[in-house]
Amino acid sequence: MSSRKRASRASLSRRSLIQSGAAIGLSSILPVGAIGQPRAPLHLHVAEAVKDAVGSTPGALSVLCPNGSQKNLEPIARMFTEMTGVAIHLRIIASESLNTQIALEVMAGESQFDVALPATFGVADLVASDVLLPLDAFAFEYEPRAFREGALYSIGDSFDQKIYGFQADGDAYLMFYHKDMLEGPDERARYEDRFGAALEVPRSWAELDRQMEWFHRPDDNQWGGVLLRSPEYLGWEWWVRFHAYGVWPFSEEMASQIDSAEGCAALEDMIRSAEFLHPSATSSKFSETWQRFAEGRSYCNIGWGGAQKYYNQAGSAVKDRLSYGPTPGGAIGPGGAVVPIPYFNWGWSYVISRASARPRIGYLFSLFASSPEMSTRAVRESGGFFDPNRPEHYDDPVIQEVYSKPFLDVHKASLRQAIPDLYLVGQAEYFRVLNEALADALNGDVTPKRALERASQLWEMITSRAGRAGQIERWRQLRKQYPRAVSRHLRDKNEA
């Protein structure tokens, strides 16, 4: 396309927005959002911009999505086609291999997609592989100034100071508790008599572990918990437990701190608590833990919105019988006050292939799908992966019916204060090494100290291969994005 045509297209897009009532406000330092808040719904403005851009040849877009999210995307794709004429072809890929598929297609020069929805934690590695298109220029041209500020969690949208995606899925990691056990008057009286503390939704991991032990009665076919303890998931629970001891996983200079006394203590806590879990916990996929917990014989489970949709189905033995809480924290506040530590551990994000022949239209589809109206329609789909991630979602009656109001209240609060996953180059490798170390210690093959020392050594090697200087800068930026409620209580291991 010639520069004259590009200028004409940009001008036309802006002109149609102005004519629809959008105000233009420029700032010499704004990274995104040249367009002021539109008076009409955003998706209508985006549809007009698409029609301006494609003219009389709307053509098609290919969208690569994880198996399970097609339910969320199908109504959006239909609306986009109806409003713009652009056909949307959904390509469904197994969720566990989607990030790899994205990288392989683009690097091999065989890309067959324009838009994709990788797991958010993998965006950094995809950027490092140079397969994703930065979106800053498009964002400046088309996004209302405060659009991204409306998302409850958007840390994963950017990497290396550039915008690469739109968060489509609010995967705050939450705790689920069997309300009948938690609120049984006899249980409460006996628990308080035994421990001198009220039986209530636990705020700390120590409280949770004690409650799992209390409710663990295998002779009565009752279990303390069904946590995610198969080898590929171990790092998620340890990540929160470790933060709850008040230490950063890396120093500001990217020195690994996971083999600290606090890291070992978090692992030792996992080893002790394993005694009070359902025996299937060490081998179950997350969907299998949902099935087990939905039987109504276990006190607690750990999961996210997808778990709640499963538990809220007709026929579930725990439907309307659950209490909720964020992932527990630790006594790291002033005077030993417990600081909750919610965690964002997965998510799916709209990104644009660097090899796309239609990057502008791919971007506009992603913006359309992420608009308040369209993203609400997507999250309404109970059979899909996407969970609430914008304030509008929590007020929608259909979404409230799908999830239940008590869950949504805890989920919204957790999403606002969630610590991020490890959004660095090499994330998958860091967590693979960590999971293997945790599994070795939980299996009794090595001591916690030795397991984490070995993992820490390998983490240093991963950092060096990724480029230490770059990783240091990325990690410093990520530390700044931790919620202040948590970060002000975290320290490096050599600090007093």
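Let's start with the largest pocket: about 1300 Å³ of space lies in it. Keep in mind that this is a predicted model. The lining comes to 47 residues. Nearest the pocket's centre are Ser95, Glu96, Phe121, Trp236 and Trp346. Which elements give two or more residues to that lining? They are α4 (98–107), α5 (123–128), α10, α12 (286–293), α13 (305–311), α17 (397–403) and α19. By class, the lining has 18 nonpolar, 17 polar and 12 charged residues.

Now to α10, one of those lining elements. Look at Trp236. This tryptophan is among the buried residues of α10, and it also lies among the residues nearest the pocket's centre. Trp238 and Trp239 are buried too, as are Glu237, Arg241 and His243.

What covers the buried residues of α10? The cover includes two strands, β7 (172–178) and β11 (343–344). It also includes the helices α9 (205–215), α11 (261–273), α19 (427–442) and α20 (448–466). Just past the end of α10, Gly246 takes a positive phi of about 85°.

Last, the cysteines. How many disulfides are there? The count comes to zero, by a sulfur-to-sulfur distance rule. Two cysteines to look at are Cys264 and Cys300. Cys264 has a relative accessible area of 8%, so it counts as buried. Cys300 is buried as well, at 0% relative accessibility.

Technical notes: Residues numbered from 1 in each chain as written. Predicted model: local features only at pLDDT ≥ 70, side-chain atom pairs only at ≥ 80, totals over all residues. Heavy atoms only, no water. Buried < 20%, exposed > 50% of the residue type's maximum accessible area, 1.4 Å probe, protein only. Helix = DSSP H or I, 4+ residues; strand = E, 2+ residues; numbered from the N terminus. Contact = heavy atoms within 4.5 Å. Disulfide = S-S within 2.5 Å. 1 Å grid on protein atoms, 1.4 Å probe; cavity = no way out; pocket = protein on both sides within 12 Å on 5 of 7 lines; lining within 4 Å. Points joined across faces, edges and corners; volume = space filled by probe spheres on them. Nonpolar A, V, L, I, M, F, W, Y, C, P; charged D, E, K, R; others polar.
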